[in-house]
Amino acid sequence: MTSQRHHHTLLTEQTNNNTRQKRICDLLRHLPTFMFRFLRLLSFVFFLLPAFVVFLYHYFACDRIAVYYGLKGAIGENGERMWLSRHYLDMYGSRTHVNGNKNKKPVVIFLTGGAWIIGYRMWGCLLARALVPFGILVIIPDYRNFPKVNIKGMVDDVDMSIQWVLDHVEEYGGDGKRVVLVGQSAGAHIGGVVVAKKVLDWIRQQQHQQQQSYQRGQGDNEEDCRHLKSTYSPQQLCGFITTSSPHNLVTMRSVFHRHGLSASVQRSIFGGISGSNDYDDDLNDDTIKSVATGDDMDVFEAWSPYHLVKKCQSEYITLISEGNTNRNNNDNKSIDQLKEIFPKLCVIHGTADKTVPVEEAIEFLSLLSNLQIPALSKMYPGWSHTDPILEKPMLGNHLYHRDIYEMVRLWTGGSDTVSDEGLGFCNGNIECNSEHKSEIAEIIGIV
């Protein structure tokens, strides 16, 4: 038995090493493309160097503390030093009191972008600098990037950070009942996956309880049915604001390829085949086979917010049909109630975004509207992919920061008089939506 266990351990380590080597090889094969884009990025940084100096000054001089949110015992197991861990978050505003007000503050969790490869918590400094003076506690968690982990590891990290915030934020002056999740680019994509999977977990929990009730305690273990390890419910988030997000990974594959992410790198990031601790429970033999044969549509759908939301609908229909049958049509649930499981949603996008075309936002809003899930939206005419978080704030345009602030006030009870339409947002389920989409379609040349 000991020999078999030792052999299994060696085999696992070899598999992990091979997986990491494959990821690195995938990146090295496309090194010329990456180097060209990296040099172009360096030139961009050079011309903006004066602004970045100010940026760095504010990052290190502001009201910011770094807090470890990971599992305490996890560091020693892989030999990683705590200070090298990516399981840290930056907390802004814990010592700042506006006008002497020491009440608990609404909380913004901001997930930074970085193409799943260069994400870092520092990228959200400008947003924090804008919101903290108005009495908002801003938390920016770090998460591991590719090639150290694939998308499964990133989702687990973000999910764990949200759980930590809900459990501990009141120790730092935040209100755990007034938390809004905000994400940009890859961070918005990861946040969308987390929110959708939390909704699926909630639905599966209800299914498990029904099985326990109608089968007299028989049925699967509830933990075996969950996508994520966290215990919070999606309703504990007051809202989720997604900015410049690739909602549909299937339609984005060709766009990713044009921007330097080859098909093999994409499969390595989203394929779900990796070393220990990164296996996805949703991956079965058929999915793994599809990756091997190149027919990997299902793999990308498994990590696509667009397709996960559709899956939420199908599983919720199953839940209510089984529940209504067992109740003999008493106290029937309706598919319309799916919207009550999701946190409030808002979709923000720039119409001149070439990294993630604005059609991604429009199609996602259309899906939400068809499923009768309310969603606000706002499109910034002429704005690029990074304008909301980088170029515009550096030029003194804080429209995005103001919109985040107003949405947080609206969703957390800080604004009783201003409506979403009054703030310039469009409601995805009213006539404004079709007019809004037509206007954006004209801007981007669809019609």
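# Reading a predicted protein model

The count of disulfides in this predicted model comes to zero, a disulfide being a pair of cysteine sulfur atoms within 2.5 Å. C62 is partly exposed, because its relative accessible area is 28%. C125 has 1% relative accessibility and so counts as buried.

The structure is a predicted model, in which local features need pLDDT of at least 70 and side-chain atom pairs count only at pLDDT 80 or more, while totals for chains, interfaces and linings use all residues. Residues are numbered from 1 along each chain as its sequence is written, and side-chain values use heavy atoms, with hydrogens and water left out.

The confidence of the model comes next. The average pLDDT (the predictor's confidence in each residue, from 0 to 100) is 80 for the protein, and 71% of the residues score at least 70. Over residues 272-294 pLDDT stays under 50; for this stretch the model has 44 contacts beyond four places in sequence, a contact meaning heavy atoms within 4.5 Å. Residues 440-447 also have pLDDT under 50 throughout, with 14 contacts beyond four places in sequence. Where pLDDT is low, the predicted coordinates should not be read in detail.

The overall architecture comprises 16 helices and nine strands. Helices (H or I, at least four residues) and strands (E, at least two) are DSSP runs, numbered from the N terminus. Of the 447 residues in the protein, 51% are buried. Among contacts with a separation of 6 or more, 78% are between residues 24 or more positions apart. The accessible surface of the protein comes to about 21600 Å², and carbon and sulfur atoms hold 53% of that area. Accessible areas come from the Shrake-Rupley method with a 1.4 Å probe; for residues, only the protein chains shown count as cover.

One feature of this surface is a nonpolar patch of about 610 Å², made by L31, M35, F38, L39, L41, L42 and F44. Patches are made of residues with over 30% relative accessible area and no salt bridge; like charges are joined within 9 Å, and nonpolar side chains (Val, Leu, Ile, Met, Phe, Trp, Tyr) within 5 Å. F38 lies in helix α2, which covers residues 31-47. With 42% relative accessibility, F38 counts as partly exposed.

Side chains of opposite charge can pair when their charged atoms come close. The model has 13 salt bridges, each defined as a side-chain nitrogen of Lys or Arg within 4 Å of a carboxyl oxygen of Asp or Glu. One of them joins D157 and R144, with 2.8 Å from N to O. This pair links distant parts of the chain, 13 residues apart: D157 is in helix α6 (residues 151-168), and R144 is in the loop between β4 (137-141) and α6. Both D157 and R144 are buried.

A second salt bridge, between K152 and D156, has its closest N and O atoms 2.7 Å apart. Here both residues belong to helix α6 and are four residues apart, about one turn of the helix. K152 is buried, since its relative accessible area is 8%, and D156 counts as buried at 17%.

R204 and E315 form a further salt bridge, in which the closest N and O atoms are 3.5 Å apart. This pair connects helix α7 (residues 186-214), where R204 lies, with helix α12 (residues 305-326), where E315 lies, across 111 residues. R204 is buried, with a relative accessible area of 19%, and E315 is likewise buried, at 14%.

Finally, the backbone deserves attention. Most residues other than glycine have a negative phi, and most peptide bonds are trans. A cis peptide bond joins F146 and P147, with omega about 15 degrees; P147 is in the loop between β4 and α6. S185, a residue other than glycine, has a positive phi near 60 degrees. The place of S185 is the loop between β5 (174-184) and α7, and the residue is buried, with 10% relative accessible area. S244 is not a glycine either, yet its phi is positive, at about 55 degrees. S244 lies in the loop between β6 (239-243) and α8 (249-258) and is buried, with a relative accessible area of 1%.

Terms used. Buried means under 20% relative accessible area, exposed over 50%, partly exposed in between (1.4 Å probe, protein chains only).
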